[in-house]
Amino acid sequence: MNDTPFPNTPRVDAYEKVRGAAIFAADDARPGMLHAALAVAKIGKGRIVSLDTRAAGAVPDVRLILTHEDLADLKSPGYIFAGGYAVQSFQPMLSPAILYRGQPIALVAADTLEAAIEAANRIDATYAAEPFNVTFDVPPDDIIAQADSPLPKPAFADLVAGDADKAFAEAPVKVDAVFTTPPQHHNPMELLATVAEWREGTLIIHEGTQNAASIRHGLAHELGLDPDRVQVISPYAGGGFGQKNSLQMQTLLAAVAARRLGKPVKLVVPRAQIFHDASFRPRSRHRIRLGADRTGRLVAAIHESDSQTSRHDLFPTQHAATSGRLYGIPNFRGRERLLRTDVQTPGFMRGPWEHVASFAFESAVDEIAYTLDQDPVELRLANDTSTDTFTQLPLSSRHVAECLRRGAERFGWSRRSMAPGSMRANDGSLIGWGVAIGAYPASVVAEIVRLTVLADGDVVINVGAHEMGQGIRSAIAAIVARKLGVPADRVRAEIGDTRGVPQHPTAGSWGTASVVPAASAAADAMLKALNDLSPSGAAGQTPAQILKAAGRSTLEVESRHKGPGQPDDIYDQLKAGQLAIDGPIYPGFVTFSYIAHFVEVRVEPGTRRIRVPRVVSVVDCGRVVSPRTAESQVRGGVVWGIGGAMREASEVDPRYGGFINNDLAEYVVPVNADIGAIEVEFIDKPDPRLNSTGVKGVGEVVITGVAAAIANAIYHATGRRLRDLPIRIEHLL
Ligand code: MOS
């Protein structure tokens, strides 16, 4: 292994992006293209009795109106946890059923966007309404014990180690508290957008996605096509955050409209509709019981959670998989339940389970530190571990203690006085300093890679990956450049495109740990091929020089890479568009990424306004391949955490159903003024058991623990223990 840190090279696609040369799906404009808009259901639940499309059809330039009567021969995409392709099994507009407010009931395509929107607004529906519930007050029949549900096991079984109930009952020091978190919507800057076009029986989809394969195979399934008849092209997504990690409901509608019209159709889902037409982070409630001995050793923990799901799907949770692994706690019991509500199916959003689990658990850890009158950093250090709680396997790398020590040093933690309300700024604001840690599974997926060097010096790598702004192109370029001895900006990554090697969802923070070792192996194969091509050996020559000397214009290799212990037929699964994920439990070891956050809050005494002027985050994500983009991801993840803790909430009105947010004025995300200094440090120690480069993942571990660190800092500032997110001014009045 080349054990030197990677250089801090610029983002490889920066130049394309600032010039506006990076084309996103909604930027796509092609001759003869029509624009589509959706009409949506205005009841909370029920069925369509009749649809009147006459007024819509009378709008000039309208070319097509699609309703459920036109789509009855199509199939639903299937549920991702049952071998399907979408985070919601239900595809709207295949029947008159209305499962939730805001569900599409008709598509209008017109020559202009204005005409499409105007006509969609004139679709008139009559409904037979049915009772619904969008709150957490559900009857007992709507509470599902996940462990007894049809969801796949052991992935969604309850996690248990030792005898937590007995150990908790006997523990001399205890915390028992309930925490709640609201529904939240991802709201990436780029809206859901599809351009669909048919060419000689082949469907071509341009869409910003984290999962080109699910669009290809899912549409093939829905439309009854051979997957070879579907191409998905997604060079960039303008933010994913989990929203775009499987087939969306608008894609099929755009594809059908394009087929009917024989012309390309663009469908952009407006922000207001995304609150219903995309997944979301479900509402959750957590009861944490934590027991310690008098020295501060954590001896027992019980994490019971309830999470919102839809009526038609069970969106599972894995809260204990995070909270149970933050520390070495010998007795742990998790129990996860799902509550059925009449909304679209929730999905993965920015550390879907880890964010909420760590908010609850790390708040409770702070609480027990105060109960014991122990420094919260010291208590955490004293409960560190090198063994996995549930499997008893060794952790292949865990540098939590170093994250805490370096973070404390950089933050100046030793200057903190323990008592709540004991630190004040010159302007009278209360100062609070809080700490929390996070853990996130280090998963990997199988990859097939095609690597080509050209005599002009360019290198092209075709691999399964999606660029949603996180910097995966830069990570791919960094490893290929290092291995082949070429400049990173000569490496072009062909990704998010089903016309090349098989694609796989880029999610779960497994992107870099999957593509980097795969690209590294492909580069090794290329070096061997170059050596074979050069009579005197490849040493000292660039690939381009070797090609020129050999009179070749290109040289191509293909290679495969899989996670530790993955079976050989994993590549067939990958080619079939199925998930090919491994980890965090591997043969003989377990791997997570870790983080420690140190947060300063200031609470203005008159208004109680809460500010977060300063965050120090120290990350253990294995080897950092692309320092520039990794650091940017950490800043972004901290911003997610500030939004998740203090701003973002999707609101419901039990009278009307659905969500009532409409735009970014009502769904409040952090703005520049909300963000102070975010200092980032990496441990940058490779994990050689996980892969040859020693990469773990970075994206989602970052949000994990931010909310708790903020809540803990607010407690330190004010003496108020706030257990409900988002934390707002009114909670401190
Ligand atoms: Mo991400 S929430 O794992 O797509």
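I took buried to mean under 20% relative accessible area, exposed over 50% and partly exposed in between, with a 1.4 Å probe and protein chains only. My model is a predicted one: local features need pLDDT of at least 70, side-chain atom pairs count only at pLDDT 80 or more, and totals for chains, interfaces and linings use all residues. Residues are numbered from 1 along each chain as its sequence is written, and side-chain values use heavy atoms, with hydrogens and water left out.

**Cysteines.** I looked for disulfides, meaning pairs of cysteine sulfur atoms within 2.5 Å, and the count came to 0.

**Cores.** Next I checked nonpolar cores (sets of buried Ala, Val, Leu, Ile, Met, Phe, Trp, Tyr and Cys residues joined through side-chain atoms within 4.5 Å). The largest has 88 residues, and Leu 290, Phe 361 and Phe 598 have the most contacts inside it. Helix 17 gives this core its largest share, 9 residues. Another core, of 44 residues, lies apart from it and includes Val 449 and Ile 472.

**Phe 598.** Beyond four places in sequence, its contacts (heavy atoms within 4.5 Å) include Cys 403, Phe 411, Trp 413 and Arg 614.

**Helix 17.** I found that 13 of its 13 residues are buried, so helix 17 is largely enclosed by the rest of the structure. Gly 719 follows helix 17, with a positive phi near 75 degrees.

How values were computed:
Helix = DSSP H or I, 4+ residues; strand = E, 2+ residues; numbered from the N terminus.
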